[in-house]
Amino acid sequence: MAHLGLVALLVTDYDEAIDFYVGGLGFELVEDTARPDGSRWVVVRPAGARETALLLARASTAEQQARVGDQTGGRVGLFLHTEDFARDHARMVAAGVRFLEEPRHEAYGSVAVFVDLYGNRWDLLEPRSTE
């Protein structure tokens, strides 16, 4: 296996999710294609990334709706790596992204937990250099 291609993330609305991930997190919109069933194939990824991306999947059943924002049971489930923690943290705060804590400097790197527009918990993480 070469790499993980897509991770599906349940959302309630495609356009508000695109606004958050592109406008708030600085991701790029890779694809937004209408499908015959009325859904859309919406893929976003961190700007410059070439491997793993998010498939923004609109919840279409009551069971899926109940899981929007809580796909990992309230724990951090997504990890956004950066090469410049201070820059990206400041940009995200200015864009209205809600952080749940002040930045921390741990043995593994600089980190702060934030939530997306649905409440999913993410780590913004600059891993400590191993060089």
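Colleague: How many salt bridges does the count come to?
Modeller: The count comes to 9 salt bridges, a salt bridge being a side-chain nitrogen of Lys or Arg within 4 Å of a carboxyl oxygen of Asp or Glu. Keep in mind that this is a predicted model, where local features need pLDDT of at least 70 and side-chain atom pairs count only at pLDDT 80 or more, while totals for chains, interfaces and linings use all residues. Residues are numbered from 1 along each chain as its sequence is written, and side-chain values use heavy atoms, with hydrogens and water left out.

Colleague: Okay, which side chain does R40 meet in a salt bridge?
Modeller: That's D15, at 2.9 Å from N to O. R40 lies in strand β3 (residues 40-46) and D15 in helix α1 (residues 14-24), so the pair ties together parts that are 25 residues apart in sequence. Helices (H or I, at least four residues) and strands (E, at least two) are DSSP runs, numbered from the N terminus.

Colleague: Which residues are linked with R40 in a network of salt bridges?
Modeller: D15 and D32 are linked with R40 in that network.

Colleague: And what does R45 form a salt bridge with?
Modeller: With E28, where the closest N and O atoms are 2.8 Å apart. This pair links distant parts of the chain, R45 being in strand β3 and E28 in strand β2 (residues 27-34), 17 residues apart.

Colleague: Is R45 buried or exposed?
Modeller: R45 counts as buried, at 18% relative accessibility. E28 is partly exposed, with a relative accessible area of 25%. Buried means under 20% relative accessible area, exposed over 50%, and partly exposed in between (1.4 Å probe, protein chains only).

Colleague: Switching topic: in what order do the strands sit in the sheet?
Modeller: The order is β1-β4-β3-β2, 4 strands in an open sheet with mixed pairing. Two strands pair if DSSP finds at least two bridges between them. β1 (6-11) and β2 are the edge strands, each pairing on one side only.

Colleague: How many bridges join β1 to β4?
Modeller: 6 bridges do, and β1 and β4 (residues 53-58) run parallel. V11 stands opposite R58 in β4.

Colleague: Which strands does α1 touch?
Modeller: α1 packs on the sheet and touches β1, β2, β3 and β4, contact meaning heavy atoms within 4.5 Å.

Notes
Axes are lines fitted to C-alpha atoms, for helices over the stretch in contact, and angles run from 0 to 180 degrees between N-to-C directions.
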